[in-house]
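Student: Hi! Could you walk me through this model, a piece at a time?

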Amino acid sequence: MLRKSFKRVISFLMMVILSACASTVFDLNQNAVKAVGNDNFYGMHVGTDTSVPKAVPVLNDLGVKWTRVWVNVDWSKRSKPKSFQMAKDLKAAGFKVIMVFNQSRVPSYKAVKEYFDWVQTVPGMKEAVDVWEVLNELNLPKYWSGTPDEYVNQVLKPAWDSLHPQGEQILGGSFTAWQNRRWGTSITKKYVNAGYLNYVDYAGSHPYTKTVAEMKTHINAVKKLYGSKPIMLTEWNFKQKPSNKTWAEMLNQVRSYMDDRVVTACYYRLIGFESEGGWPGIVSSTRKGYVPVEPFYSMYKKWPK
C-alpha cells in the first residue's frame, strides 16, 4: 500500500516538473519570437541608380525582405522603363517588390485605368510586383499638383478598378510629416476625407522628422487616422543629422517602436544620395563595387530578424 502511494506521489511530482518545463519552453519560445521580430518590417528603397546584381548580395546580407523601385510614368505612353526589369530581377532573386508610379500632372480617370490595364499585360510584371504604389508624396507639388478629390477619383480609383479585380495589392500615395508649415497630418486628413482609404489595401506614410519623439508622435497620429488599414512606409529615415553616429542611434531607438505599428519600412536609401539635403545610404557605389557606409550598414545588419 505504501509502495503504491509512493509511486503515485512520484508520478504526480514528475507531471508537475514536466508541466513546469513545458511552460518554461513555451515562455522561452515566446521571448525568442519577440526578440526576432517581424521580418516583413525590413525593406529598402532601391533607386534606378542601382545595379541589381551588385545589390542582391548586400540586400541578402542585411536581411532585407521588401524592395521598392521607382517609375516616372506618362499615363499616355506605353514605354517599358529600366525599373520594369529591375522589379523582375529583384523578384527572381527572392525579394518582395513595391513599385511606385510617379507623375505630378493631373490625368483623366480613363488614362490611368488604361495604363494599369496595359501594364498588367507586360510579360512578367504581374508576377514581379507584389504591391503597386500609386504616386509618391501627395503633399509636395513636385510629386502631385492636384487636389485630394482629383487624386482619389482620377488616379487612385482607376488604379484600384484596374488592379484590384485581378487580385493585385494597392498602396496609396504617402505624405511626409511636415504639412502646412508644421509637423502634423492636416493634409493627410483631407485625402482621407476625400475617400483615400476606400481604394487602398495599404495606406502610405513617409515620416521624416528631426527627432525620435516627433517620429513616434507622428506615426501614432497617422495610425489613428488610418484606423485598421495597414501602413507601409516606402521611405523611412530622419532628416539629416550633423553626426552619423547620432543618426544611427536615433534609428536604433525608433526601429522597434515602428516595428509594432507598421507592416513594412523601406529604409531610404540603399545608395547615398546627395540631393534633398543628402542621404548617406547603406552603401556607396565605387569602382570596386558597393562599399558599406558605417555605422548604417552594421546598424541595419544587427537589427533582429
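Tutor: Happy to. Let's start with a term: buried means under 20% relative accessible area, exposed means over 50%, and partly exposed is in between, using a 1.4 Å probe and protein chains only. With that in hand, Arg68 is buried, and Glu133 is buried too. This is a predicted model, where local features need pLDDT of at least 70, side-chain atom pairs count only at pLDDT 80 or more, and totals for chains, interfaces and linings use all residues. Residues are numbered from 1 along each chain as its sequence is written, and side-chain values use heavy atoms, with hydrogens and water left out.

Student: What do the side chains of Arg68 and Glu133 form together?

Tutor: The side chains of Arg68 and Glu133 meet in a salt bridge, at 3.0 Å from N to O. A salt bridge here is a side-chain nitrogen of Lys or Arg within 4 Å of a carboxyl oxygen of Asp or Glu. This pair links distant parts of the chain, with Arg68 in strand S2 and Glu133 in strand S4 (residues 131-137), 65 residues apart. Helices (H or I, at least four residues) and strands (E, at least two) are DSSP runs, numbered from the N terminus.

Student: Which residues are linked with Arg68 in a network?

Tutor: Arg68, Glu133 and Glu235 are linked in a network of salt bridges.

Student: And how many salt bridges does the structure hold?

Tutor: There are 9 salt bridges in the structure. One of them joins Lys110 and Glu114, at 2.8 Å from N to O. These two are 4 residues apart in helix H4, so about one helical turn separates them.

Student: Which strands pair with S2?

Tutor: Strand S1 (residues 42-45) pairs with S2 in the parallel sense over 3 bridges. Two strands count as paired if DSSP finds at least two bridges between them. Met44 has Thr67 in S2 as its bridge partner. The chain crosses from S1 through H2 to S2 in a right-handed β-α-β crossover. Right-handed means that, with the strands pointing away from the viewer, the path from the first strand over the helix to the second runs clockwise. S2 and S3 also run parallel, joined by 7 bridges, and Val69 stands opposite Met99 in S3. The chain crosses from S2 through H3 to S3, and this β-α-β crossover is right-handed.

Student: Which residues of H3 are buried?

Tutor: In helix H3 (residues 82-92), the buried residues are Ser83, Phe84, Met86, Ala87 and Leu90. Seen down the axis of H3, they fall within an arc of 160 degrees, so they line one face of the helix. That arc is taken from the directions from the helix axis to the C-beta atoms.

Student: What covers those buried residues of H3?

Tutor: The cover includes helix H2 (52-62), strand S2 (66-72), strand S3 (96-102), helix H4 (109-119) and helix H5 (125-128). Contact means heavy atoms within 4.5 Å. After H3 comes Gly94, whose phi is positive, near 105 degrees.

Student: New topic: where is Thr264?

Tutor: Thr264 is in strand S10 (residues 264-267). At 1% relative accessibility, Thr264 counts as buried. Not counting residues up to four places away in sequence, Thr264 touches Asn40, Phe41, Gly43, Trp66, Ile231, Met232 and Leu233.
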